[in-house]
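The following paragraphs present a guided reading of one protein model. They are intended to be read alongside the sequence and the coordinates.

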Amino acid sequence: MTKTTLSPVIAGTMNWGVWDKKLSTSEMEHMIHICLENKITTFDHADIYGSYTTEAEFGKAFASGKIGREKLQLISKCGIAAPVPPLSSGQHISPNRNNTIKHYNYSKDYIIWSVEQSLTNLQTDYLDVLLLHRPSPLMQSEEIAEAVSKLKAAGKIIDFGLSNFTASQTELIRKNTEVSYNQVQFSATNTEPMLDGSFDYMQVHNIRPMSWNPLGTIFREDNEQTRRLKKLLAKLVEKYHFGSDTILLSWILQHPAKILPIAGTVNVARIQSLMKATELQLDKEDWFAIWAESMGNDVP
């Protein structure tokens, strides 16, 4: 069972740094405050974001904002070991990041070292949740469990989970250590975890799902699926008087697995509307209509 309490919608930081928005320290500090003001208190990180630079940039903003650690929750992921591109002036990463090919590393020492790096970069003493970023064919459940046990005993992590793991891969890890979360791709345009048994498995084992890319491709691609959904959403916006993004998050939140969507937007108006999804209850037929338009046919 989870020991952490996370906000119903989570702020995703993947695009805050050099990978996309290139927010300055003051801009990042402002984004943190905007999220907190709108009751989005959980921030999702990974050591690799920004080619291993975004955590440190967030940490500077967090420290600069003089925000009490008890006011927010920090998630981070480890395990992806990738080559590092040339850094901009003033950016620094650990000299141990000397990978020549992208791979996964879940040795006990590497997991512990990665968490300690994240704590230093984020300028905090603990992570609320540590996730293994992606499954590796070479991962050893016993060794992972040793690392998690040591980190929990030291107070460096509170809860432990996975990211992008299948039910069978999760079962392998659960053999030796408790798994509280699994972060998977899920949206109205990517419904696979709802259909392949992933969410069923998580409910049986008290694992809380998080969904990355919860708005899917609706606002980024123009194809038959997104056109069908946009046409329906236009009607639902008129019916419920909420924005399309709020309706899509509400659709996710109504699933009985109690999914936590991770929203990566830095648009202030959109951030202000995200938590409204917790206030919206779609009619059952409208919920199924979104699924039907995603598939392009009635439910089976």
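Helices (H or I, at least four residues) and strands (E, at least two) are DSSP runs, numbered from the N terminus. The model is predicted, so local features need pLDDT of at least 70 and side-chain atom pairs count only at pLDDT 80 or more, while totals for chains, interfaces and linings use all residues. Residues are numbered from 1 along each chain as its sequence is written, and side-chain values use heavy atoms, with hydrogens and water left out.

Burial is assigned from relative accessible area: buried means under 20%, exposed over 50%, and partly exposed in between (1.4 Å probe, protein chains only). In helix 1 the buried residues are Met28, Glu29, Met31, Ile32, Ile34, Cys35 and Leu36. Their cover includes strand 1 (10-12), strand 2 (42-44), helix 3 and helix 11 (268-274), where contact means heavy atoms within 4.5 Å. After helix 1 comes lysine 39, with a positive phi near 65°.

Two further residues have a positive phi. Most residues other than glycine have a negative phi, and most peptide bonds are trans. Tyrosine 52 is not a glycine, yet its phi is positive at about 70°. Tyrosine 52 belongs to helix 2 (residues 49-52) and, at 6% relative accessibility, counts as buried. Histidine 241, likewise not a glycine, has a positive phi near 65°. Histidine 241 sits in the loop between helix 9 and helix 10 and counts as exposed at 69% relative accessibility.

Alanine 81, in strand 4 (residues 80-81), is buried, with a relative accessible area of 1%. Leaving aside neighbours within four places in sequence, alanine 81 is in contact with Tyr52, Asn99, Ile101, Lys102, His103 and Tyr110. Alanine 81 and alanine 289 are 208 residues apart in sequence, and their C-alpha atoms are 41 Å apart in space.

Isoleucine 75, in strand 3 (residues 73-78), counts as buried at 0% relative accessibility. When residues up to four places away in sequence are not counted, isoleucine 75 touches Leu6, Ile10, Thr42, Phe43, Asp44, His45, Val129, Leu131 and Met210. From isoleucine 75 to arginine 134 there are 59 residues in sequence and 15 Å in space, C-alpha to C-alpha.

The packing of helices is described through axes, which are lines fitted to C-alpha atoms, for helices over the stretch in contact; angles run from 0 to 180 degrees between N-to-C directions. Angles under 35 degrees count as roughly parallel, over 145 as roughly antiparallel, 65 to 115 as roughly perpendicular and the rest as oblique. Helix 3 (residues 54-64) and helix 4 (residues 108-122) pack at about 40°, with axes 7 Å apart, and are therefore oblique to each other. Helix 3 contributes Glu55, Ala56, Phe58, Gly59 and Phe62 to this contact, and helix 4 contributes Ser118, Asn121 and Leu122. By class, the contact has four nonpolar, three polar and one charged residues; here Ala, Val, Leu, Ile, Met, Phe, Trp, Tyr, Cys and Pro count as nonpolar, Asp, Glu, Lys and Arg as charged, and the others, Gly among them, as polar.

Gln225, Thr226, Leu229, Leu232, Leu233, Leu236 and Tyr240 are its buried residues. An α-helix has 3.6 residues a turn, so residues three or four places apart point the same way.

The buried residues of helix 9 pack against helix 10 (244-253) and helix 12 (284-295). The axes of helix 9 and helix 10 come within 9 Å and cross at roughly 95°, and the two helices are therefore roughly perpendicular to each other. In this contact, Leu233, Leu236 and Val237 of helix 9 meet Ser244, Ile247 and Leu248 of helix 10. The residues involved divide into five nonpolar, one polar and no charged.
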